[in-house]
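The following report describes a predicted model.

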Amino acid sequence: MSVETENGETDGESTFGTVSRTRDVAFRYVALAATLVGIVSLALLLANVAVDAVGWLDWQFLTSPPHPSPFEAGIFPALVGSIALMLLIALITFPLGVGAAIYLEEYASGGLLTRFIQINIANLAGVPSVVYGLLGLGLFVGLLNLGFGTLLVAGFTISLLILPIVIITSQEAIRAVPDSQRQASYGMGATKWQTIRNVVLPRAMPGILTGTILALGRAIGETAPLIMIGAPTTVFGVPNSLFSKISAMPMQIYTWAQYPETEFQYGVVAAAAVTLLVVFLAINSIAILIRNKYQQRTEQ
Amino acid sequence: MTSSETEQTDEQNATPTPGTDGLTDSADDWSADQSTDDRTIIEARDLDVYYGDEQALQSVDVAIPEKRVTAMIGPSGCGKSTFLRSINRMNDLIDAARVEGELLFDGKNVYDDDVDPVALRRKIGMVFQSPNPFPKSIYDNVAYGLEVQGKTDDVDEKVHRALERAALLDEVEDQLDESGLELSGGQQQRLCIARAIAPDPEVLLMDEPASALDPVATSQIEDLIEELAEDYTVVIVTHNMQQAARISDRTAVFLTGGELVEFDDTTKIFENPESQRVEDYITGKFG
């Protein structure tokens, strides 16, 4: 703004003069272009996949196990595997992530150790997923002997991967609770736990849920860690225990994309990609609904 | 502010009070004649508070009488809020804060090792500068203290009584389930007062409770404070000297550097202070 006024030229004819808007307008179009690049490419991608999936994505595809023939192949085991994995990851990361965030924000003193932990959580959030896969392989498969490619190992490994994101976003949500609210609670003779439970958590919950949703969105698309922990390329049955070997949709897509038949490379893969996106959007919308309900309850 | 301060000076000139006998001379004032046989409920002895290396209070000695309104006045950063927060140990929440000396509540030093600050705060209610109701219903706001303190019998009755005492019941009686945040600023502050008195504390600390409010809401709060002093000991921090003069029985004047310069009956402080610095502050020459 100030830059613009400095460079603005005044027009002698009008009483106040006019100030040039060239930069204003130019910046507006640059920003618009930046927005469009993202939206248009996403739309093209979705359209492309959707068109390819036509004729392939049907009830038979959703309810059948994989098959060597592209016309009989289905995604059912991977679909169930992905959903089971999501639930397990949510169950693991939510309490751990929120617990860690509460500790760091409400209990830990801002000393050197806390800062060190804080920096490392931020770094962990940026570690490539394949490295977490290696950790999962070494720790859960090797050391704890929980089996190659089982639901439990996959859940633990991907939970570790998204835990830093859940912790960081939860911390931000907790930090955003006004201090006056905590003071009011402490001033009433509430203990720390009472304050956290009654005042801090309800107010931070929408933000915490948003962070967890975003993290789960990342988790559902992960393939590299699954490959590293030895998840089978193709699974024909649905998982029936924590120790069942599982496949997940991105893993199945990756496998199909390597098949020689073009029907697999285009039709079946596209159908699977659409299924993955729909499940992803469904999980997001359920979580957003829960979040909005919480928001209404706390802000009424 | 300035005009009323001048008024104060005029008043002082009009009724000259002879030196130390100011107390007896103003015996017709309701606040002065009561303060002789008061029991002390809070007493600071050589109290120092530090924030890190900075000293916020310098050896404060003060005895606050029971069931009276005691005002703390002084310029910004003089330590009056710090003193208030050292009474119910809210300063404990600030990592850098350190307290030396004694602060006695009912004769017991609240900084002794065996004192639980949470238990202490249950005997001392607090109202803050800007209204800070929880994003809960009006009812739940008032019931909050009862809930966390485990006083779960007759909650309904206690909530209604607290709202009545806070002069808010008539305005909100049919909307107790609605959010406390939907009230006006003045109503929110009275809600916070109701919340503070619902568990029936012995002392009510108020940290500039009217500074964020308009004049009408301010005057409602002031009336309320005078009424509350029938049952509670009220310690109020205020920027507003007229407010202190209007509502308090005793006044403590803090000046820069966290020094308690003078503590006496409010009439005495405003009409004939011992200290020249206090007189300068009150007449607006300084601060």
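## Helix packing and chain contacts

In chain B, Tyr139(B), Val142(B), Ala143(B) and Leu146(B) of helix 5 of chain B meet Val155(B), Lys158(B), Val159(B), Ala162(B) and Leu163(B) of helix 6 of chain B. By class, this contact of helix 5 of chain B with helix 6 of chain B has eight nonpolar residues, no polar residues and one charged residue. Helix 5 of chain B spans residues 138-148 and helix 6 of chain B spans residues 155-165; their axes are 9 Å apart and the packing angle is about 110°. The two helices, helix 5 and helix 6 of chain B, are therefore roughly perpendicular to each other, as an angle of 65 to 115 degrees counts as such. The crossing of helix 5 of chain B past helix 6 of chain B is right-handed.

The loop between helix 5 and helix 6 of chain B contains Asp154(B). Its phi is near 55°, a positive value in a residue other than glycine. Most residues other than glycine have a negative phi. Asp154(B) is exposed, because 11 other C-beta atoms lie within 10 Å and the class extends to 12 or fewer.

A positive phi, of about 60°, also occurs at Asp200(B), which is not a glycine. Asp200(B) is found in the loop between helix 8 (185-197) and strand 7 (203-207) of chain B. With 17 other C-beta atoms within 10 Å, Asp200(B) is partly exposed.

As a whole, chain B has 12 helices and 10 strands. Of its 287 residues, 47% count as buried. Among contacts in chain B between residues at least 6 apart in sequence, 69% join residues at least 24 apart.

In chain A, helix 9 of chain A packs against helix 4 of chain A and against helix 7 of chain A.

| Helix pair | Angle | Axis separation |
|---|---|---|
| Helix 4 and helix 9 of chain A | roughly 140° | within 9 Å |
| Helix 7 and helix 9 of chain A | about 150° | 8 Å |
| Helix 5 and helix 6 of chain B | about 110° | 9 Å |

Helix 4 of chain A and helix 9 of chain A are therefore oblique to each other, and their crossing is right-handed. Among the residues that make this contact are Met86(A), Ile89(A), Phe94(A) and Gly97(A) of helix 4 of chain A, and Ile196(A), Val200(A), Ile208(A) and Leu216(A) of helix 9 of chain A. The contact of helix 4 of chain A with helix 9 of chain A divides into 13 nonpolar, four polar and two charged residues.

Helix 7 of chain A and helix 9 of chain A are roughly antiparallel, because angles over 145 degrees fall in that class. Helix 7 of chain A passes helix 9 of chain A in a right-handed crossing. The residues in this contact include Ile158(A), Leu161(A), Ile165(A) and Thr169(A) of helix 7 of chain A, and Val200(A), Ala204(A), Gly207(A) and Ile208(A) of helix 9 of chain A. By class, the contact of helix 7 of chain A with helix 9 of chain A has 12 nonpolar, six polar and two charged residues.

Chain A is divided into domain 1 (2-53) and domain 2 (59-299). The centres of domain 1 of chain A and domain 2 of chain A, taken over C-alpha atoms, are separated by 37 Å. Four residues from domain 1 of chain A and six residues from domain 2 of chain A form the contact. The side of domain 1 of chain A that touches domain 2 of chain A has three nonpolar residues, no polar residues and one charged residue.

Ala270(A) lies in helix 12 of chain A. Not counting residues up to four places away in sequence, Ala270(A) touches Val49(A), Asp52(A), Ala53(A) and Trp56(A).

Between the chains, 17 residues of chain A are in contact with 18 residues of chain B. On the side of chain A that touches chain B, two or more residues come from each of helix 8 (179-187), helix 9 (192-220) and helix 12 (262-299) of chain A. The largest share, six residues, comes from helix 8 of chain A. By class, the side of chain A that touches chain B has five nonpolar, 10 polar and two charged residues.

Terms used. Residues are numbered from 1 along each chain as its sequence is written. Chains are lettered from A and ligands numbered from 1 in the order in which they are written. This is a predicted model: local features need pLDDT of at least 70, side-chain atom pairs count only at pLDDT 80 or more; totals for chains, interfaces and linings use all residues. Two residues are in contact if their C-beta atoms, placed from the backbone, lie within 7 Å. Helices (H or I, at least four residues) and strands (E, at least two) are DSSP runs, numbered from the N terminus. Ala, Val, Leu, Ile, Met, Phe, Trp, Tyr, Cys and Pro count as nonpolar, Asp, Glu, Lys and Arg as charged, and the others, Gly among them, as polar. Axes are lines fitted to C-alpha atoms, for helices over the stretch in contact, and angles run from 0 to 180 degrees between N-to-C directions. Angles under 35 degrees count as roughly parallel, over 145 as roughly antiparallel, 65 to 115 as roughly perpendicular and the rest as oblique. A crossing is left-handed if the near helix is turned anticlockwise from the far one by less than a right angle, and right-handed if clockwise. Domain bounds come from an automatic or database domain assignment. A residue is buried if 20 or more other C-beta atoms lie within 10 Å of its own, exposed if 12 or fewer, and partly exposed in between; C-beta atoms are placed from the backbone.
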